[in-house]
Amino acid sequence: MSAKPQPAEPKLRVEDLRKSFQGKVVLDGIRFSVEEGESLVILGPSGTGKSVLLKHLIGLIKPDSGRLLVDGRDFWALSERDRTVVRKKFGMSFQEGALFDSMSVFDNVAFPLRRSGRPAAEIRDRVRECLSIVHLPNVEAKRPSELSGGMRRRVGFARAIAHQPEILLFDEPNTGLDPIMTDVIDEVILELKERLDVTIVTITHHLPSARKIGDRVALLYGGKLVYEATPDEFLRSQDPAVRQFVEGRAEGPLTVEFEREGKVPVPEGS
Amino acid sequence: MRFLEAIGRAVLRLFEELGRFFQMLGGTAVWAIRPPYDVPELFRQMVRVGFDSIPVVFLTTLFTGMVMALQTFNGFARFHAESLVGSVVALSLTRELAPVLTALMVTGRVGSAMAAELGTMRVTEQIDALTALGTEPVQYLVVPRVTASVLMMPLLVIMGDAVGMYGGYLVAVQLLGANPVTYVENSFQFLEVSDVTSGIVKAAVFGLIFSVVACVRGYYTEGGAEGVGRSTTRAVVSGSLAVLFADFFLTKLLF
């Protein structure tokens, strides 16, 4: 499809990303990279700017400073037209699915395909294929409002993979779902990773999912990625912030930040 | 000091709003030219802006024409100028009342819906999803709405002109006993083509203004369901005010 990246370049690299909203610093020098085919999970309590970070990765938000490199190309140095082309390498699943509620499930999944002007028969086959990948047959004619939360997420997944992206971004894929559906979603993400051979970045505050779907896990706190390791190392880490998050305690270094911001910390697994 | 601060803040906000308005206007113009053209969506919006507004515009202009005839007849009777009623109704409707009142009604009906729709899409991340799927939201959402408004407003006003004049005729002839032949004659005696066309030009500009204002309000919505409510209200209030401001300057310009 696209030109092969140089072997040394990671699929996605973020350099010293900074962003503040109305004087409040949300991202304070984020740096990390994701190799092709790797799955990175970014953990962090609610309200720490995880979604903001994820939206930076696909260029929905422009950073105040810092660089975003996709296949080694500086995203914000590209022309608007090229940015749209680069964006098509991404598939993003939003927190509540963000399905177009004026359209049926079929039209939602077909949306990115129609916009690229493919023939109708090909679109129909691809939509069916995508819905079967996320284990959702027979919902094509339904409206998003008729679906359960877990089904909406999975339709969102199907829409995100329809145009065969190389990088998948998941924004809190299982927040607000019951434990069984949470695991179903994790299974689907794992399956996508294996079947589609894609690079995945997930943000969540759900530790068991991070362990299940992540090759690497990072903790976002105070606008920085403070710790980065394999899931097992992460769980064994003696870093006080990591310990607090892993054990789900109300007191610790993460909470100090929250009290200053006037927010209540959310323990893991909620 | 407080007072000056408040003024300063209001001025800054006004400029911010104006900036967003012109930015959206420019963006809409640029994206309207670029393919792909979504013709089915444009037709859908034209039905919503135009066809679905027919009852409201019909009633508004009918009663305006009727009231105009009633008021001017009573007033003009004092100096025996009843024969001018038809002209006054025709002139005021085509030049001023039909375009302005149609614009205000459509702003309330369609502008509010546009702001609510785009606002909901913003707070539920559907607008972000559009961008993420490689579709420019301004092109997909704003261009068809603004184009439909610019195209349909003149048609609504042409209908409004006719309906309003018929309303005036009804009142003058049926209720006040004017001579139907002379009334119709008088209606068209002083009416020029430019009166009608200036009203139509106004209508198109009003359509542009209210739809861009509504789209800006919806597009920049913040803060959940409450924010959507706020955007909807402000779309109608600032849209209507903008129409009235523009009306004054257009009238100054066109005549």
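This is a predicted model: local features need pLDDT of at least 70, side-chain atom pairs count only at pLDDT 80 or more; totals for chains, interfaces and linings use all residues.
Chain A comes first. Its secondary structure amounts to 10 helices and 10 strands. The radius of gyration of chain A is 19 Å, against the 18 Å that the globule rule gives for 270 residues, so chain A is as compact as a globular protein of that length. The C-alpha trace of chain A spans about 55 × 40 × 35 Å along its principal axes. Of the 270 residues in chain A, 44% are buried. As for how the chain connects to itself, take the contacts in chain A between residues at least 6 apart in sequence: 64% of them join residues at least 24 apart.

Helix H1 of chain A, residues 50-57, has 8 of its 8 residues buried, so it is largely enclosed by the rest of the structure. That list takes in A:Val52, A:Leu53, A:Leu54 and A:Leu57, and also A:Lys50, A:Ser51, A:Lys55 and A:His56. After H1(A) comes A:Gly59, with a positive phi near 75°.

Helix H9 of chain A, residues 240-247, has A:Ala241, A:Val242, A:Gln244 and A:Phe245 as its buried residues. These cover an arc of only 160° around the axis, which puts them on the same side of H9(A). As a bit of background, an α-helix has 3.6 residues a turn, so residues three or four places apart point the same way. On the face of H9(A) turned away from the buried side sit the exposed residues A:Pro240 and A:Glu247. H9(A) is followed by A:Gly248, and the phi of A:Gly248 is positive too, near 65°.

One loop residue of chain A also stands out in its backbone. A:Asp197 has a phi near 55°, which is positive although the residue is not glycine. A:Asp197 is found in the loop between helix H6 (179-196) and strand S8 (199-204) of chain A. It counts as exposed because it has 10 C-beta neighbours inside 10 Å, and the cut-off for exposed is 12 or fewer.

Now for the place where the chains meet. Here 10 residues of chain B are in contact with 16 residues of chain A. Sorted by class, the chain B side of this contact has 3 nonpolar, 5 polar and 2 charged residues. B:Gly134 is one residue that touches chain A: leaving aside residues up to four places away in sequence, B:Gly134 touches A:Thr84, A:Arg87, A:Lys88, A:Pro112 and A:Arg115. B:Gly134 belongs to the loop between helix H5 (126-132) and helix H6 (137-175) of chain B. With 20 C-beta neighbours inside 10 Å, B:Gly134 counts as buried, since 20 or more is what the cut-off asks for. From B:Gly134 to B:Tyr166, 32 residues apart along the chain, the C-alpha separation is 51 Å.

Within chain B, helix H1 packs against two other helices. With helix H8 (residues 193-219), H1(B) (residues 2-33) makes an angle of about 110°, and the axes are 9 Å apart. H1(B) and H8(B) are therefore roughly perpendicular to each other. On the H1(B) side the contact uses B:Arg20, B:Phe21, B:Met24, B:Leu25 and B:Thr28, and these meet B:Val212, B:Val213, B:Cys215 and B:Val216 of H8(B). By class that comes to 7 nonpolar, 1 polar and 1 charged residues.

H1(B) contributes B:Met24, B:Gly27, B:Thr28, B:Trp31 and B:Ala32, while H6(B) contributes B:Val138, B:Gln139, B:Val142, B:Val143, B:Val146 and B:Thr147. The contact of H1(B) with H6(B) has 7 nonpolar, 4 polar and no charged residues.

The peptide bond from B:Pro35 to B:Pro36 is cis, its omega being near 0°, and B:Pro36 lies in the loop between H1 and helix H2 (39-49) of chain B. Further along, B:His80 has a positive phi near 55° without being a glycine. B:His80 sits in the loop between helix H3 (54-76) and helix H4 (85-123) of chain B, and B:His80 is exposed, with 8 other C-beta atoms within 10 Å.

Definitions and conventions:
Residues are numbered from 1 along each chain as its sequence is written. Chains are lettered from A and ligands numbered from 1 in the order in which they are written. Axes are lines fitted to C-alpha atoms, for helices over the stretch in contact, and angles run from 0 to 180 degrees between N-to-C directions. Helices (H or I, at least four residues) and strands (E, at least two) are DSSP runs, numbered from the N terminus. Angles under 35 degrees count as roughly parallel, over 145 as roughly antiparallel, 65 to 115 as roughly perpendicular and the rest as oblique. Two residues are in contact if their C-beta atoms, placed from the backbone, lie within 7 Å. Ala, Val, Leu, Ile, Met, Phe, Trp, Tyr, Cys and Pro count as nonpolar, Asp, Glu, Lys and Arg as charged, and the others, Gly among them, as polar. The radius of gyration is taken over C-alpha atoms; the globule rule is 2.2 Å times the number of residues to the power 0.38. The arc is that of the directions from the helix axis to the C-beta atoms.
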